[in-house]
Amino acid sequence: MKARSVVVVFLIAFIVMCISPPYAFDKFQFSKTDNAKLLFERSKGPINGNSSISLEITFDGWNALISGIQEVELSLTSPTLVTFFFENFSILNMNIKKIEVYGAKATMEAFYDGKYGVLLLNVTPIERVQRIKIVYTLRYQPLLDIEERDIIEWHMKSTEDYFYLPPEAYMLIPKIDGNVTINVESYPASYTLAGILKLPNNKYKPLLPEKGAFYTDGGRFYVLLGRWNIYKKNIVIDGKNVDVVALTDEGEWVVDELAKILKIYSSQLIPYPYRELIYIRFKGHRSEYEGCGLYGGALGTQFKSVIPHEVAHNWFGMYAELGLLDESLATYTSISMNNLTLDTLDKWEAFCFSSKKRTPIAEMRNIEMSRMTDITANLYYRGGFIFRSLQFVVGNETFFEGLRELLKICHVKDCTKTEETLTLIKEIFENMTNRDLNWFFEEWFYTADYPNFTVSSLKITQNSGYYTLILNITEENSFTMPLEVGIVTLAENITKRILVNGSSSLEVKTKERPIMIILDPNNWIANINGSSYRFNWEKLTFEKTEKKEREINGVKIVIN
């Protein structure tokens, strides 16, 4: 029995010795450096390895207090420098309590420049698998953090109702390639947990936790906490089940509206290409009209003004990437929603005319946030109306068939160069219609002006119980466009279509005397005199304007 006890004690001691860290660091001496971030970026790597992070999040007022354990598993075969980067300043304060290294020898150097720090671990493997364990605490003030470390942060502003933790606020950033598991073990009960992952192609994907854990590929991951209700709905699109999820405080109607949008877009374009759509309600930095399309989801401010556009990016931007034209096509797609009224289109048209600087879409290059007024008016709304006008020119069936062909091609081909993609789009529709459409693309994509339709003359004669209306329509900005003309009498509404090239005449017979002529009654074309609104970019509001009433020979002239 005594011999057996000795053996048991020896085995326990041996096991303890094997699992005990041979190298531990619990006192840190930081050397001063001019630029810790540059030191991190210039260090060797990245190396292969997997990470896991366990977090406990509590609040102290509106300070997020985070206790974390970060573990990195490696399979090194030779001495290697493993680097970690962290932030430490008034808004984001990190306290590294202990670092333990298993299965390897290790030495460490630490540098700090007053805001950023970097840890350099020289790891010499002893065993086949090595593990680095870091124990730390963080004090973070999300409502005061104005750093924009990544483009997604431009679209998210932390408030008391919903805020985000960037990776720097809950972990040390390692120079390691591999999978990362983030386990949020506890957080305030009044909040709901979600996340956004940056994908390798610089897209972003919303994630919901699986039993409190997020499983990522190692891209930048944002932990989101919000006072949201969760609404879920399962729909079938083209024989495939799609989960629709809304994290919002706007109401249950949102998930029903999302389902409706997916079905409409799927019928017009191609069936929704993903298994789920997750919408996350968040406040924007600039205005209440801000959002971001996500891979399999959408992030945004108020639903009705933003989310139909952001959901459309799952086709134009995620499934097929068309560069700057993604915004024009997403805007067009949201215009095509059945619940948009002519008054709504009138307001959208107002965006087009409210920018003092106009840039042809073909000449736009990289989006600069400082030019958002120019970009919003010209790329988004002008672009949206251009595709609406193209639909009018080629017809509904051909137009949507062409968009489906465009999505099919650009799903597998690089379509991010604007002029090359415009050529592709033109070729698609020319082949489908057997028509030369160079005139349309030249005047809409390569100029920044708008048509200016007017009725220059109108003559009415009565003969044998009929009225004959002869009107002359001119276009003063060198556009050649087909145009719908509405003729209204007390008994009937007649719509005619003519091609206006400089000046064109239209003759119509009516049973009663016409009382109104409407140019572009269905608002297919952004016409320079067509909107009843202007958009005030300083106040971010629409302002009603008085259209000049025109009357010729007792007939009211309306231009939409």
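Five strands make an open sheet with mixed pairing, in the order E2-E8-E9-E6-E12. Strands here are DSSP runs of at least two residues, helices (H or I) are runs of at least four, and both are numbered from the N terminus. Two strands count as paired if DSSP finds at least two bridges between them. The model is predicted: local features need pLDDT of at least 70, side-chain atom pairs count only at pLDDT 80 or more, and totals for chains, interfaces and linings use all residues. Residues are numbered from 1 along each chain as its sequence is written, and side-chain values use heavy atoms, with hydrogens and water left out.

Strands E2 (30-32) and E12 (173-174) are the edges of this sheet; each has a single partner strand, so one side of each lacks a neighbour in the sheet. Inside the order, E6 (residues 80-87) and E9 (residues 116-125) run antiparallel, joined by 8 bridges. Thr80 has Val123 in E9 as its bridge partner. Strands of a sheet pair through backbone hydrogen bonds, either parallel or antiparallel.

Asn536 stands opposite Thr541 in E31. The two strands form a hairpin with 4 residues between them, and Leu540 in the turn has a positive phi of about 55°.

Now the interior. A nonpolar core is a set of buried Ala, Val, Leu, Ile, Met, Phe, Trp, Tyr and Cys residues joined through side-chain atoms within 4.5 Å. Buried means under 20% relative accessible area, exposed over 50%, and partly exposed in between (1.4 Å probe, protein chains only). The largest core has 102 residues; Leu258, Val311 and Trp315 are among those with the most contacts inside it. Helix H7 (residues 372-394) gives the most to this core, with 11 residues. A second, separate core holds 60 residues, including Ile53, Ile57, Tyr170 and Ile173.

Contact means heavy atoms within 4.5 Å. Not counting residues up to four places away in sequence, Leu258 touches several residues, including Val244, Leu277, Phe303 and Val311.

Pro206 sits in strand E16 (residues 204-207). Pro206 is buried, with a relative accessible area of 1%. Beyond its neighbours within four places in sequence, its contacts include Gly195, Ile196, Ile278 and Tyr295. Pro206 and Glu538 are 332 residues apart in sequence and 32 Å apart in space, C-alpha to C-alpha.

Leu144 belongs to the loop between strand E10 (130-140) and strand E11 (162-165).
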